[in-house]
Amino acid sequence: MAKLAVNGGRKVRSKDFPTWPVFDDQEEKAVLKMLNSGKWWRFSYGEGIDWHEPKKGDRSEVALFQEEFAQFMGAKYGIACVNGTGALDMIIRALYIGPGDEVIVPAYTYVAGATCILQSNAVPIFVDIDPDTYNIDPERIEEAITGGTKAIIPCHFGGQVADMDRIMEIAQRHNIFVIEDAAHAHGSEWNGKGAGTFGIAGAFSFQNAKNMTAGEGGIVLTNSYEIAENIESLTWSGRKHGRPWYEFYQLGWNYRMMEFQGAILRVQLKRLEEQNSRRRENAAYLTKLLKEIGGLEPVVIDPKGAKYSVHIFMIRYNPEEFRGLPRAKLLKAVNEEGILAFSGYTHAVTCPVGLPFTFNTCQNRME
Ligand SMILES: Cc1ncc(COP(=O)(O)O)c(C=O)c1O
């Protein structure tokens with residue numbers, strides 16, 4: 001075997017990975033058009049809190065984007081906002097989840113999946129993940145349900161939709177809400193149905209690393225008119241449809257998405273399907289090759305969730321097959337070879353101790 005780069009050998013890969021985000025003159029044109037219009041926020045078009053009555057003529061980029069994204073994922077309503085964290089926060093608020101209420105959340109998720117619950121003084125109840133999929137383990141949800149449980153927030157981790165058949169069945173039986181953290185799941189499906197459209201509402205992020213991005217951004221999808229209207233009010237500081245501008249009806253925020261973001265995201269959405277299918281091809285190829293090496297187990301994909309965004313390609317590392325080599329040393333050796341890989345969320349959201357055997361590779365760096 002050739003000498004490893006970490007020991008002074010030649011790198012396996014000397015070419016840089018492509019940069020992210022991917023964009024071209026379509027984004028440039030869209031942003032310039034928006035800039036030169038002088039209409040930099042949605043209200044310049046007279047659109048806003050009266051979002052559910054689309055105007056004729058010139059439309060706001062954000063208003064168009066939220067309709068296009070909702071339609072693409074198969075939801076009735078989309079409410080664009082500043083980021084995925086805000087989207088989750090607003091869903092909790094719109095469902096009137098409050099002090100002492102319990103909300104079930106996977107133990108391994110992004111921190112906002114749990115802090116959005118704390119923001120409303122509710123209590124996150126952690127349920128372990130399935131080590132094969134990194135998604136919440138449906139087998140363990142029921143034992144965490146009590147009389148105080150109001151909702152479950154499955155995260156579609158890495159883009160693979162959690163087992164929504166089982167989660168919805170459990171939630172319906174116990175009469176609790178399902179809020180989908182779909183921050184990784186743009187274009188992902190479960191059994192042909194779009195992520196974020198199963199539960200009462202779903203939250204997406206358009207932060208810079210995501211499969212479609214404007215640097216920052218978020219959206220809530222829902223099929224409920226009532227929730228959509230309430231979330232729209234929350235993003236507009238608690239204003240109400242049809243009422244004067246300086247009347248406020250609830251404690252809200254200014255969580256509005258900018259027109260610049262809307263203009264970019266409309267272009268990014270057009271690329272998503274092609275990019276996602278390329279990611280799936282690449283992931284299948286990498287999975288096949290990794291199967292030849294013991295001790296590096298790629299995430300297991302359920303056939304029902306096979307159409308997924310491959311936002312993160314996750315690998316579980318078994319050090320026993322590498323004579324006990326610590327993960328950090330393996331990652332250093334892989335990185336030295338010119339291959340992108342990192343330890344991901346290094347620990348569960350519940351605890352400060354690392355999950356030492358998992359890592360991610362090539363987040364969004366496609367070829
Ligand atoms: C799973 C998950 N949920 C929620 C969020 C929050 O999104 P944002 O960074 O846009 O606030 C993220 C962001 O990275 C995420 O990965």
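Tutor: Start with a rule: helix angles run from 0 to 180 degrees between N-to-C directions, and axes are lines fitted to C-alpha atoms. The model is predicted. In it, helix α3 (residues 84-94) packs against helix α7 (residues 225-235) at about 120°, with axes 9 Å apart.

Student: Which residues make the contact?

Tutor: From α3 come Met90, Arg93 and Ala94. From α7 come Ile227, Asn230, Ile231, Leu234 and Thr235. By class, 5 are nonpolar, 2 polar and 1 charged.

Student: What makes β1 and β3 edge strands?

Tutor: The open sheet has 7 strands, in the order β1-β9-β8-β5-β4-β2-β3, with mixed pairing. β1 (77-81) and β3 (123-127) each have a single partner strand, so one side of each lacks a neighbour in the sheet. The twist averages 25° from one strand to the next.

Student: How do you know that β2 and β3 pair?

Tutor: Pairing needs at least two bridges. Strand β2 (residues 102-106) and β3 have 5, in the parallel sense. They therefore count as paired. In β3, Val123 is the bridge partner of Glu102.

Student: What surrounds the ligand?

Tutor: A shell of 14 residues, the closest being Gly84, Thr85, Tyr110, Ala183 and Ser205. The shell divides into 4 nonpolar, 9 polar and 1 charged. α3 and α4 (112-118) each supply at least two of its residues.

Note on methods
Residues numbered from 1 in each chain as written. Predicted model: local features only at pLDDT ≥ 70, side-chain atom pairs only at ≥ 80, totals over all residues. Helix = DSSP H or I, 4+ residues; strand = E, 2+ residues; numbered from the N terminus. Contact = placed C-beta atoms within 7 Å. Nonpolar A, V, L, I, M, F, W, Y, C, P; charged D, E, K, R; others polar. Near = placed C-beta within 6 Å.
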